Amino acid sequence: MIIAVTGSNGSIGRRVVKLALERGHHVVGIDLTEPQYQDGTWLNRPEYTFKQGDLTDFGTTLNVLAGSDAVIALAAYPTPGDYRVQSHNNNVVVSWNILRACADLSINRIAQASSINVITMWWSQSPRLHYFPIDEEHPCEPDGPYGLSKVIMELQADTIIRRYQSMKIASLRPSWSLPGRAVPGGHSTNRAKDLWSYTQEDSGAEAFILAVEDNDKWAGHERFFIVAPHTLVNGETQALIKEHFPNVPVKDGKEFVGTQGLFDCSKAARLLGWHHKNDWSNVSL
């Protein structure tokens, strides 16, 4: 399969490219600028092609995606930027251009990078949490431009699917992308606004590839949380909830043991066959 990876020069994009090649796919890397790094051994492989292009231009998007069987869409601003228009306008336009180009080109498999920030998380002023654990049914009520851009990206996928029902779109919602669980300064207060969550970067990359490979367990547009099953801190999750979120209820029948995380990723396990792993310590670029 020929997989186009937009944002291929980014930290997540490079992991996706490497893993896709290892799984036997041909990859077209797409980014705004030429690769500036020298450690990507795939750069000269015949199974890898790089295309430079500005995806805010629809004609360019059509040209660079033509000939692909699937698209993993990672090109986006990863932060709120100026907290005004930068990330919002860019992310929304790029997402729509990719989805609409895929419809025109009959590319039916798309995985796009959403974020846990569709909920009020790290970039928000204050959390709006309705229950634990957080699952895909939780209301999305962002208070900033970055989270809003991700919600709109997901709504755009809903829209395109209504007209082009042969397409399959996965909106994946990872957390803070890290090489592993260990991180300096992991005190409980530091990361409370993103519920002490993270996503091991190679495990996250695997989720994107699973989302575009053959799979008859789902259709249409689906949203998936892609988050580690344990928190970044060593404190008991029950105690963290009591200290930081005493008014957020725990869903009936749910309980937290040890450092168990506050996101429910069972949907990704059930429909994608994805399970978070931390055993990628020997993986390097």
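How many residues does helix α3 have, and how far does it reach from its first C-alpha to its last? In this predicted model, helix α3 (residues 86–105) is made up of 20 residues and reaches 28 Å between those two atoms, close to the 28 Å expected at 1.5 Å a residue. The helix is followed by S106, whose phi is positive. S106 belongs to the loop between α3 and β5 and takes a phi of about 60° although it is not a glycine. With a relative accessibility of 57%, S106 counts as exposed.

Helix α1 can be described in similar terms. Its twelve residues should span 16 Å at 1.5 Å a residue, and the 17 Å between its end C-alpha atoms agrees with that expectation. Just after α1, a positive phi of about 90° is found at G24. The helix is mostly covered, with nine of its twelve residues buried, namely G13, R14, R15, V16, V17, K18, L19, A20 and L21. These buried residues pack against the strands β1 (2–6), β2 (26–31), β3 (48–52) and β4 (70–73), and also against helix α5.

Two packed helices are described by the angle between their axes and the distance between the axes. For helix α1 (residues 11–22) and helix α5 (residues 201–212), the axes come within 9 Å and cross at roughly 65°, and the crossing is right-handed. On the α1 side the contact is formed by R15, V16, L19 and A20, which meet E201, D202, A205, E206, F208 and I209 of α5. The residues of this contact divide into six nonpolar and four charged, with no polar residue among them.

The largest nonpolar core contains 53 residues, of which I72, L129, F132, L172, L195 and F263 touch the most other members. Helix α5 supplies the largest share of this core, seven residues.

P133 itself is placed in the loop between β5 (109–113) and α4 (145–163).

The loop between β4 and α3 holds P80 and also Y83. P80 counts as buried because its relative accessibility is 2%, below the 20% cut-off used for burial. Not counting residues up to four places away in sequence, P80 touches S87, W123, P145 and Y146. The C-alpha atoms of P80 and D143 are separated by 11 Å, although the two residues are 63 residues apart along the chain. Y83, by contrast, is partly exposed, with a relative accessible area of 46%, and its phi is near 60°, a positive value in a residue other than glycine.

Technical notes:
Residues numbered from 1 in each chain as written. Predicted model: local features only at pLDDT ≥ 70, side-chain atom pairs only at ≥ 80, totals over all residues. Heavy atoms only, no water. Axes fitted to C-alpha atoms, helices over the stretch in contact; angles between N-to-C directions. Helix = DSSP H or I, 4+ residues; strand = E, 2+ residues; numbered from the N terminus. Left-handed = near helix turned anticlockwise from the far one by under 90°. Contact = heavy atoms within 4.5 Å. Nonpolar A, V, L, I, M, F, W, Y, C, P; charged D, E, K, R; others polar. Core = buried A, V, L, I, M, F, W, Y, C linked by side-chain atoms within 4.5 Å. Buried < 20%, exposed > 50% of the residue type's maximum accessible area, 1.4 Å probe, protein only. Expected span 1.5 Å × (residues − 1).
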